[in-house]
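Biologist: Please take a close look at one part of this model. I would like the sheet, its strands and the charged side chains that go with them.

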Amino acid sequence: VLPSPDKPAPSVSITEIRQYLRAQDIPFHDGYSCLHTPSLFTGDRGDQPLSANAPFTLFIDKTTGSFLCTATLAEGTWQDFQANVEMRHRGITPIPPASSEEMEEEMRQAREDARCIWERALPLWELLDEKETKETKALFGISQVSNATLKRFGVRYLRTARSLVFPWFSPQDATLKGLKLVRVEKKGGTITYVEETLPRFDSYRNLFGLSLTGRRDTELVLTGWELDALALHQAAGVASVALPRGASCLPPTLLPYLERFKRITLWLGEDLRSWEAAKLFARKLSLKRCSLVRPGNLQPRPLEALNQGLNVTKILRSALLASHKSIVSFRQLREEVFGELVNTEQVSGVKWARFPELNKLLKGHRRGELTIFTGPTGSGKTTFISEYALDLCMQGVCTLWGSFEINNVRLAKIMLTQFAGRRLEDQLELYDEWADRFEELPLYFMTFHGQQNIKTVIDTMQHAVYMYDITHVVVDNLQFMMGHEHISVDR
């Protein structure tokens, strides 16, 4: 029986996975972050053993046991995989775990919408007049990006929305699977880029540029932005792809597509948050094949480096190996210490936009720190902390909520009201618009309520950190989580 979805899936170790595959006579290769096996879903006869000559298109995540078949896009948990192996033994052709009809319909509709937008958008190098092309390129800071590069990556422009359109093509058959729209918003002197994706982020398996990499490409540069991928390819001729959510997360479902590269350089951006993210992602991708480009004055993000005429190939060559020995000398730390001195503001963490006084006290949200808020019942701890977490979440800090005292529906209602800054019960016609925007935030909720076993809670947190790159966990509140007995024990 498969575990019910409200409980975390039973964890499985890599040793157990290997033992199971050997016991079932399933051939496998050991990859960087996945085990590779022939697919259960592409063969013909179910009762035939899997052949070692078949293409190894099924990837099993070494950390979670989840699988993805890149040939059929079948995916599921380790328990789903075992169930399908049992079906094969009984001579039944395995069927991939299906998502609900509602979700299938939603995805189909999103793909259809994406296709309509794609057909309305014009290739950026074919706008009506040269003046419009120049103005558009200047607006997005891509005046140095050549038409040949734009053509290679298939970048288009949607006039009605004044947005660049980046296509997501399937690596299997190069069909259009989705789009990302990027437009520029100017507020005062600052420029912000607003992104929208079809389908939505949670089902967005896009590595922009992946379909352009060839079988011979063994090295890859991973960037945090589509325009950076264009700049890298143009300036250094390297295979480069962009993560769908930039430096905020690297979803494990993308790991199988990166398995074939022997060396991966991460160049995610120009601030310290990108640097922290690069170190985190390198652990998922396997440290021994990763190098990191350190952000700095002479090493800005790739698009900026192209615009400034810097030597991009030289910057890539100076990337640091992600794996370091257990003992280091100051000489190896020297550059990192200098980086912290230069970027003192960024080192002190992500600042709250709504709470300037709090920034004076805490300096900002920093990874690896514990902050405890205390106060009597009814003094507003939950209300304040939901606003405090929302502030960071809106700045791209991936947040996990463990609300043991009030249920998730009530908590989400509080947060949505704070996010919208208005009483939505009086303006229900605005609900869908705000709910859609709220859904885009990197915000997750644990489904526990009342007293819990600490080990289960910590296992769930660790799973969430791996799956969603969580960097901020809120526990509300400790007393409910720990229960009231054993008061004398130092909990």
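Modeller: Arg183 is partly exposed, at 30% relative accessibility. The model is predicted, so this value and the others are computed from predicted coordinates. Arg183 meets Glu185 in a salt bridge, 2.9 Å from N to O. Glu185 is partly exposed too, with a relative accessible area of 26%.

Five strands make up an open sheet, in the order 6-7-8-9-10. The pairing is antiparallel. Strand 6 (122–123) and strand 10 (190–198) are the edge strands. Each of these two pairs on one side only. Strands of a sheet pair through backbone hydrogen bonds, in either the parallel or the antiparallel sense.

Take strands 8 and 9. Strand 8 covers residues 163–169, and strand 9 covers residues 176–187. They pair in the antiparallel sense over 7 bridges.

Glu195 and Lys180 form it, with their closest N and O atoms 3.2 Å apart. Glu195 sits in strand 10 and Lys180 in strand 9. Glu195 has a relative accessible area of 33%, so it counts as partly exposed. Lys180 has 1% relative accessibility; that is under 20%, so Lys180 counts as buried.

Then the loop between strand 7 (156–158) and strand 8, where Arg159 lies. Arg159 is partly exposed, at 34% relative accessibility. Its side chain makes a polar contact with the side chain of Glu132, at 2.8 Å. Arg159 and Ala121 are 38 residues apart in sequence. In space, their C-alpha atoms are 7.2 Å apart.

The model has 21 salt bridges in total. One of them joins Asp30 to Arg18, with the closest N and O atoms 2.8 Å apart. Asp30 belongs to strand 1 (residues 29–30), and Arg18 to helix 1 (residues 14–23). These two are 12 residues apart, and they too link distant parts of the chain. Asp30 is partly exposed, with a relative accessible area of 44%. Arg18 and Asp30 also belong to a network of salt bridges that takes in Lys62.

Methods: Residues numbered from 1 in each chain as written. Predicted model: local features only at pLDDT ≥ 70, side-chain atom pairs only at ≥ 80, totals over all residues. Heavy atoms only, no water. Pairing = 2+ DSSP bridges. Helix = DSSP H or I, 4+ residues; strand = E, 2+ residues; numbered from the N terminus. Buried < 20%, exposed > 50% of the residue type's maximum accessible area, 1.4 Å probe, protein only. Polar contact = N/O pair within 3.5 Å; in protein donor to acceptor, adjacent residues only side chain to side chain. Salt bridge = Lys/Arg side-chain N within 4 Å of Asp/Glu carboxyl O.
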